[in-house]
Amino acid sequence: MLEWAGRGGPYGPYEQSQRLNLYHEAAQALLDSGAAYRCFCTPQRLELIKKEALQSRQTPRYDNRCRHLTSSQVQDKLSKNLPFVVRFQLPSGAHSFQDLVYGWTHHDVASVEGDPVILKQDGFPTYHLANVVDDYKMAVSHVLRGEEWLISTTKHLLMYRALGWPPPAYAHLPLLLNKDGSKLSKRQGDIFLQHFVQSGYLPDALLDVITNCGSGFAGNQIGRTLPALIQQYNLQSTSTHSALLDLEKLPDFNRVHLTRWIEGADTRAQLVAQLQMLLQEKYKDLTFDKEYIERILVLRKGHLNLLTDLLSPDYSYLWVRPFVQLEDLNRLSSEASEIGSLVVQILQKSHHGTSLEVLSKELRSDLQRLKATKYSTSMKLLRLVLSGLQTGPSVAEMMLSLGPEESIIRLQKALSS
């Protein structure tokens, strides 16, 4: 239905404001059968009932006063244009139904709450009426929703019965909780999807980590995509235990899915376009071609938790040339110039198709011949020249990322300063 909402389909319209006639028809049918009634109680009276219940340490509930109005009393109030809502009349007694997850459940809702509002004063339905009408009119066969609606399902099934409609099958799913067992709350700004989008997380990773902490799937795995999740899901294996959402694992999940996106031609192109836009925002006067960005993504595959990691100071050398003084290089090795010359020769023979393994072997073979400088010291010197950093990816990877031409320029510039 979510897909049809944007593309059209056989059960439209899909916006609630365009379906008001369907809700009104159902409400009128319930009124005509006596299963529902008009309630004229003012907000002030309802608030008073609530306060009195709280003072008596009782659960606030509507006292069903308007259920007992006679037809003439109702007509009199309607003639005076008094505002009203429509309430569904809850039959007394326990009513049972079989939930596909929780099994047989029994709830006597009439004993613990008043008759629920199903149509508000503004003509819009509450969820109780809207979900019944929408699910029936859209031929929904199964309803899977959170366990907080388990008790309300009795009301919905009673409404189906009153309307003479066959109900769908219901399955109520355990809730997602914070890692400490507390409820997720709207006051937690970091649980909104927009927060994760802005932070650079892929939708696939968020879906994967959520389903990984729940039940109904074949074991705890990482890297599952939506088609795989659809294929694996088994409603019968869904547990009634709440799932603890450990978002500290989300970066690890995102790294796996980001790697998969980099490996796919179409998804890699999306990442390249996204990174180009982010770079344009940060380095307004600079431009970076797609081939260069794509090469960096491929080389950093498996090392990035987020695409935005490439905007961190650790990767600034990819976009801006570092400033390195010759004095710093000479302090590392008296053979700085010789190291630079050897590496320039290697790079002049290499090209963008040179593999990381081949370039690493060539660097090790030539630089180990130096008499006064250890190979590890040579790597420190070269990393400093290329990135201005003491740590980071291997020197060979830096060179392949930057390309032989840019690497040579940085070497010659640093050694001639």
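**Getting to know this model**

Reader: Hello! Is Asn81 buried or exposed?
Author: Welcome! Asn81 has a relative accessible area of 69% in this predicted model. The cut-off for that class is over 50%, so with 69% Asn81 counts as exposed.

Reader: Where does Asn81 lie, and what is its phi?
Author: Asn81 belongs to the loop between helix 4 (71-79) and strand 2 (85-88). Although Asn81 is a residue other than glycine, its phi is positive, near 55°.

Reader: In which loop is Ala139 found?
Author: Ala139 is not a glycine, yet it has a positive phi of about 55°. Its loop runs between helix 5 (127-137) and strand 6 (142-146).

Reader: Which peptide bond is cis, with omega near 0°?
Author: Look in the loop between helix 1 (2-7) and helix 2 (20-33), where Pro13 has its place. The cis bond, with omega near 0°, leads from Gly12 to Pro13.

Reader: How many contacts does the stretch with pLDDT below 50 have beyond near neighbours in sequence?
Author: For the protein, the mean pLDDT is 92, and 96% of residues reach 70 or more. Residues 1-5, however, have a pLDDT below 50. Beyond near neighbours in sequence, the number of contacts this stretch has in the model is seven.

Reader: How many charged residues line the largest cavity?
Author: The structure holds one cavity of 30 Å³ or more, and the largest cavity has about 40 Å³ of space. Its lining includes Leu347, His351, Met399 and Pro404. By class, five lining residues are nonpolar and three are polar, and the number of charged ones is none.

Terms used. Residues numbered from 1 in each chain as written. Predicted model: local features only at pLDDT ≥ 70, side-chain atom pairs only at ≥ 80, totals over all residues. Heavy atoms only, no water. Helix = DSSP H or I, 4+ residues; strand = E, 2+ residues; numbered from the N terminus. Buried < 20%, exposed > 50% of the residue type's maximum accessible area, 1.4 Å probe, protein only. pLDDT = per-residue confidence, 0-100. Contact = heavy atoms within 4.5 Å. 1 Å grid on protein atoms, 1.4 Å probe; cavity = no way out; pocket = protein on both sides within 12 Å on 5 of 7 lines; lining within 4 Å. Points joined across faces, edges and corners; volume = space filled by probe spheres on them. Nonpolar A, V, L, I, M, F, W, Y, C, P; charged D, E, K, R; others polar.
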